[in-house]
Structures are given as structure tokens and as C-alpha cells.
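The sequence and the structure are shown first.

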Amino acid sequence: MAQRHARWDSRHAVKEAFNDLLIEEEDYKTLRDSIDTNDAFDAMGLAARLEKHDLLEFRRLASHLYGKAAKWDRSISLAKEDKLFKDAITTAAVSNSTDVAEELLRYFSDIGSRECFVALLFAAFDLIRPDVAEELSWRHSFHDTYMPYRLQVERSRADQIASLAKKLEELSSKTVAKEEEENSQPMLGLMPQTLALGYY
């Protein structure tokens, strides 16, 4: 156990030193690869350092690290500060959180970004409630932008209703078939009594 802990400490120290070198050399591409392939380092400590970096790509890595740690709000907040809206949309979509996705949708509607608004609607289609999307669209006059999403929602609802109707029909058919099969079976409980009566 002690040896395993010592090995991890050694790997941790090497990884931290390697990350420091990459930051010093401003090699954000290799640093990102390193972050995604090895977890033997203080991810939150590195994120805290990178979010204050002068270079945009390093601040972007900080947002990425927060996202990997499921710190969705912090990740999206950093992305918004640098106007990395595509990153923010991706993070909201993978968060699997309705609250996170809808909060970002409100932000895009508040700043009047139609493109980001509709991009998030489709990226987080299963997370955003249609009534919330429609209300924001109405308040900010995004009707034309919102319409393709609304049509997709209606199509999805129609498909779900059709699928449910088909399942109910199949269940009903199975129930009827089972009842018919049961009704066609002889009433065995009465047979001994009937046979017995024949001897008198």
C-alpha cells in the first residue's frame, strides 16, 4: 500500500512538473492532450492557475477542466467571459442538466444572440423545456429563429404519440387474444361432476 502511494506521488510530481513546463512554453495543445490522457495531477489547482492566464487558449483549458469535473456553472461562466459560446453550448449539452441549459438559454436571449439561442436549443434539445424556449422566444422576438425548433418539438411529440398508440394497440390485441384463448379452454373443474352424474 505504501509503495503504491509512493508511486502515485511520484507520478503526480512528474505530471505537475510537465504541466508547468508546458505552461511556461505556452504549449496549450500538448497540455490539453496531457490533461485528457492522464489524471495524476491537481486538476482544480491547474484550472485555477489557467483561468488567470493571459492567453485565451489557456483560459479555455481552465473552462475545459471545470467541465471535466462537472463544475458546469464555473466552466460556462469562464467560456462566456471570453465569448467562447460554442464551448459554453457544448458544456451545457453534456451537463445533462435542465437548469444549466436553460440558464445559458436565458443568457443568449438577454444578449440578443439568435444564432447561439437556436444552436443551444438543438444541442440541448432533450434538456430545455419547450414552454421555456417559447416564452424566451416571445419575449425577445426570436420567432423566426425559434420556429424550426418548435416544428421539431411538434414532430417529436407526434412520433411519441404514434409510438404510444402502437404499443397500446399491441397490448390490447394481446389481451383480447389471451381472453379468447382462456374462453376456448374446457372448464375442467366441472368435468368430474359431469362424469359422476352419468353413473346414476
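## Surroundings of helix α5

The model examined here is a predicted one. Helix α5 spans residues 72–81, and its buried residues are S75, I76, L78 and A79. When the helix is viewed down its axis, these buried residues fall within an arc of 160 degrees, so they line one face of α5.

Just after α5 comes K83, a residue with a positive phi of about 60 degrees.

## The pairing of α4 and α5

The axes of α4 and α5 come within 7 Å and cross at roughly 160 degrees. Angles over 145 degrees count as roughly antiparallel, and α4 and α5 are therefore roughly antiparallel to each other. The crossing in which α4 passes α5 is left-handed.

On the α4 side, the contact is made by A62, S63, Y66 and G67. On the α5 side, W72, R74, S75, L78 and A79 take part. Of these α5 residues, S75, L78 and A79 are buried.

## Nonpolar cores

In soluble globular proteins, nonpolar side chains tend to be buried together. In this model, the largest nonpolar core has 26 residues. The residues with the most contacts inside this core are L104, L105, F108, L120, L121 and I128. Two or more residues are given to the core by each of α5, α6, α7, α8 (114–123), α9 (130–139) and α10 (143–184). Helix α7 supplies the largest share, five residues.

L105 illustrates the packing in this region. Apart from its neighbours within four places in sequence, L105 is in contact with F117, L120, L121, I128, A133 and L136. A second, separate core comprises 14 residues, including I23, L46, F58 and A62. A62 also belongs to the α4 side of the contact with α5.

## Overall architecture

How many helices and strands does the protein have? There are 11 helices and zero strands. From the N terminus on, the order of elements is accordingly written α-α-α-α-α-α-α-α-α-α-α.

The protein has 200 residues, of which 30% count as buried. Among contacts between residues at least 6 apart in sequence, 51% join residues at least 24 apart.

Key:
Residues numbered from 1 in each chain as written. Predicted model: local features only at pLDDT ≥ 70, side-chain atom pairs only at ≥ 80, totals over all residues. Heavy atoms only, no water. Buried < 20%, exposed > 50% of the residue type's maximum accessible area, 1.4 Å probe, protein only. Helix = DSSP H or I, 4+ residues; strand = E, 2+ residues; numbered from the N terminus. Arc of directions from axis to C-beta. Core = buried A, V, L, I, M, F, W, Y, C linked by side-chain atoms within 4.5 Å. Contact = heavy atoms within 4.5 Å. Axes fitted to C-alpha atoms, helices over the stretch in contact; angles between N-to-C directions. Parallel < 35°, antiparallel > 145°, perpendicular 65-115°, else oblique. Left-handed = near helix turned anticlockwise from the far one by under 90°.
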